[in-house]
Amino acid sequence: MQVVQQILFLLALAAAGYFIGQRIKTIRNTILLGRDEDRSDRPEERRAMMLRIAFGQQKMFDRPLIGLMHFVIYAGFLLINVEVLEIVLDGLLGTHRLFAPILGDTYPLLINFFETMAFGVLVVCVIFLVRRNITKVERLQANRHRELSGFPEIDANTILFSEIILMFFLLSMNAADSVLQSRGVEHYHPVGTFAFSGFLKPIFEGWNTTALIAYERLAWWLHILGILAFAAYVTYSKHLHIFLAFPNTYFSNLEAKGQMANMPSVTQEVKIMLGLEQPASDAPAEIARFGAKDIKDLTWKNLMDAYSCTECGRCTSQCPANLTGKALSPRKIMMDTRDRLEEVGRNMTQNKGQFVDDGKSLYGDYISAEELRACTTCNACVQECPINISPLDIILQLRRYQIMEESDAPGSWNAMFSNLENNQAPWKFSPADRFNWAQKEG
């Protein structure tokens, strides 16, 4: 019977590994559809950024209480996985609490620590469910923010419920295990009663031994299978940021937030026109596209940003355009980009890794002209993001396409562009008259 369980566990582990591997491959391939961009400079500064923002959760603590609760879940996720290692090895080797004889008296201390973290995760998840569904924090409500309707709303609650269930199975498994230890049942090594599962022991003490063993095994299987299913599900969820937050912050834009990148092709044309640079012999006859219409026109970092988005809504809650009732929501920009990436990924999967034109694009089918025009480029969304995502960069590139390729700009904008071109200033005055106001009268 034990060998059968080991084979079943190995099959479950292999299946989860296969599906997760395929999903990671799809995400990687869609990110690599983006334009090249060099983010390899200043490695020490980048490492410090990653440690401070992703590992240290610095921006989350701008709101201390929420930051602390998020840190509990984050730390719990990282540390409880150490115990998952033992569970995986037990499943493969047919052992039970493999590390107990090796670690000796340290083992109960470790399990007590993991249980403390598990209980903390459970409590915080309950609080987050209450905030989202009962007290109804405004930035998390689908009836106020249309981008949260449907799967995003279900996804958030699914993740929280899943974590609560997984933590319950862990604690109840340890409680049943503890009772079986006290009865001297073979295979259940005496390691003592643990910190929080000990409170559940009275529930199981009246059970007969056969029922206890059955429940302990059931809880063990449900816990580990739940973790494997959770790991696969996360790759489709906003909680992919658990993994992508680290590379995403490492490859952050290190320049000043107010600095907008020029289009290299346009900059080169201007330099050639002014005689500051000679045209390259291998330069293309014409520029393929100004700005971005679809995901292939964005950079790989923009696409990684989209997959990394946590949908927390801090960007949208601080966006002045959104606060004044405009159509723009920076969170929606990121979610729309990810939705388009997902659509392209499915297209590639169905066509053996090649993208077949589907007649759709990010601009127009997902993000409207009205949304792009509403942006004031104030950088509030960039400043607020806990993992340094830049919705503004995507907005600017789409807006460049909108104006330079589609010639879709309000009359007042076109007048300003004309003045900039002819007078080097937004105003309709000759450059020679610019300082007339400073001249003294007769």
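# Close-up views of a predicted helical chain

**View 1. Asp90 and its surroundings in the predicted model.** The backbone nitrogen of Arg97 lies 2.9 Å from a polar atom of the Asp90 side chain, in a model that is predicted. Asp90 has its place in helix H3, and with a relative accessible area of 6% this residue is buried. Leaving aside residues up to four places away in sequence, Asp90 touches Thr95, His96, Arg97, Leu98 and Trp220. Phe9 is 81 residues from Asp90 along the chain, and the C-alpha atoms of these two residues are separated by 9.8 Å.

View 2. Met167 touches Ile80, Ala118, Val121 and Leu122, when residues up to four places away in sequence are not counted.

**View 3. Glu343 in helix H14.** Which residues does Glu343 touch, not counting residues up to four places away in sequence? They are Asp358, Lys360 and Tyr366. Glu343 itself lies in helix H14, which covers residues 330-350. Because its relative accessible area is 14%, and the limit for a buried residue is under 20%, Glu343 counts as buried.

**View 4. Cysteines without a disulfide.** A search of the whole structure finds zero disulfides. Cys315 is in no disulfide, and the nearest cysteine sulfur, which belongs to Cys312, is 6.2 Å away.

View 5. In an unreviewed UniProt entry, residues 6-21, 65-89, 109-130 and 218-236 are listed under "transmembrane region". In the predicted model, residues 65-89 are 100% helix and 0% strand, and the C-alpha atoms at the ends of this segment are 37 Å apart. Residues 109-130 are likewise 100% helix and 0% strand, with end C-alpha atoms that are 32 Å apart.

View 6. Among the elements of the chain, helix H10 (residues 264-273) has the lowest mean pLDDT, 77, whereas helix H11 (residues 300-308) has the highest, 96. The chain as a whole averages a pLDDT of 90, and 97% of its residues score at least 70. Where pLDDT is low, the predicted coordinates should not be read in detail. The chain contains 19 helices and zero strands, and its C-alpha atoms fill a box of roughly 105 × 50 × 40 Å, taken along the principal axes. Of its 442 residues, 45% count as buried. Among contacts between residues at least 6 apart in sequence, 75% join residues that are at least 24 apart.

Conventions: Residues are numbered from 1 along each chain as its sequence is written. This is a predicted model: local features need pLDDT of at least 70, side-chain atom pairs count only at pLDDT 80 or more; totals for chains, interfaces and linings use all residues. Side-chain values use heavy atoms; hydrogens and water are left out. pLDDT is the predictor's confidence in each residue, from 0 to 100. Helices (H or I, at least four residues) and strands (E, at least two) are DSSP runs, numbered from the N terminus. UniProt positions are given in the numbering used here, feature names are shortened, and annotations may be inferred rather than shown by experiment. Buried means under 20% relative accessible area, exposed over 50%, partly exposed in between (1.4 Å probe, protein chains only). Contact means heavy atoms within 4.5 Å. A disulfide is a pair of cysteine sulfur atoms within 2.5 Å. A polar contact is a pair of N or O atoms within 3.5 Å; within protein, one must be able to donate a hydrogen and the other to accept it, and residues adjacent in sequence count only if both atoms are side-chain atoms.
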